Amino acid sequence: MENNAKKGLDGTGLELPVNRHANLKSASSDQSHLQILHDIKSSNTPAVINYGASWCRVCSQILPAFCRLSNNFPELSFVYADIDECPETTQHIRYTPTFHFYRDGERVDEMFGAGEERLHDRLWLHS
């Protein structure tokens, strides 16, 4: 039986802002998460990964802001990874939401929890 359930950003059930710069991706499987991590580590584009879950109330509150901020920081690559859709590659995530910031292929910062202003400031710092 084929699973037609929506995944990633489409599977959140939230009305999310449109991304105007094609810099917002979704990791909806362990394989796509690994590919995105590979792409981040082999490029010089700064990136942020938002690790969340569909059942996490705080994640649902910050996700629209995360998508909106992707329009304000077109030089950054934004990734949403649902820990339930990427169970093997997100075992290290102990709190949702968790944000990982990458520069020159290396993880350089981490932020736990929500807060649009805190997230904006971190994005500004790493852009």
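A crossing of two helices is left-handed if the near helix is turned anticlockwise from the far one by less than a right angle, and right-handed if clockwise. These legends describe a predicted model, in which local features need pLDDT of at least 70, side-chain atom pairs count only at pLDDT 80 or more, and totals for chains, interfaces and linings use all residues. Residues are numbered from 1 along each chain as its sequence is written, and side-chain values use heavy atoms, with hydrogens and water left out.

**View A. Helix α2 (residues 57-72) packs with helix α3 (residues 116-126).** Helices (H or I, at least four residues) and strands (E, at least two) are DSSP runs, numbered from the N terminus. α2 passes α3 in a right-handed crossing. The packing angle is about 30 degrees, and the axes lie 10 Å apart. That makes α2 roughly parallel to α3. Angles under 35 degrees count as roughly parallel. Axes are lines fitted to C-alpha atoms, for helices over the stretch in contact, and angles run from 0 to 180 degrees between N-to-C directions.

**View B. Residues of α2 and α3 meet.** α2 brings I62, A65, F66, R68 and L69. α3 brings E116, L119, H120 and L123. Contact means heavy atoms within 4.5 Å. Six of these contact residues are nonpolar, one is polar and two are charged. Ala, Val, Leu, Ile, Met, Phe, Trp, Tyr, Cys and Pro count as nonpolar, Asp, Glu, Lys and Arg as charged, and the others, Gly among them, as polar.

**View C. The largest cavity has a volume of about 40 Å³.** A cavity is a set of points, on a 1 Å grid over the protein atoms alone, where a 1.4 Å probe fits but cannot get out. Grid points are joined across faces, edges and corners, and a volume is the space filled by probe spheres set on the points. The count is one cavity of 30 Å³ or more. T12, L14, A53, S54, C59, S60, L63 and Y80 line the largest cavity; lining residues have an atom within 4 Å of a point. Five are nonpolar, three polar and none charged. Helix α2 gives the largest share, three residues.

**View D. The peptide bond from T96 to P97 is cis.** Its omega is near -5 degrees. P97 sits in the loop between β3 (77-82) and β4 (98-103).

Conventions. 1 Å grid on protein atoms, 1.4 Å probe; cavity = no way out; pocket = protein on both sides within 12 Å on 5 of 7 lines; lining within 4 Å. Parallel < 35°, antiparallel > 145°, perpendicular 65-115°, else oblique.
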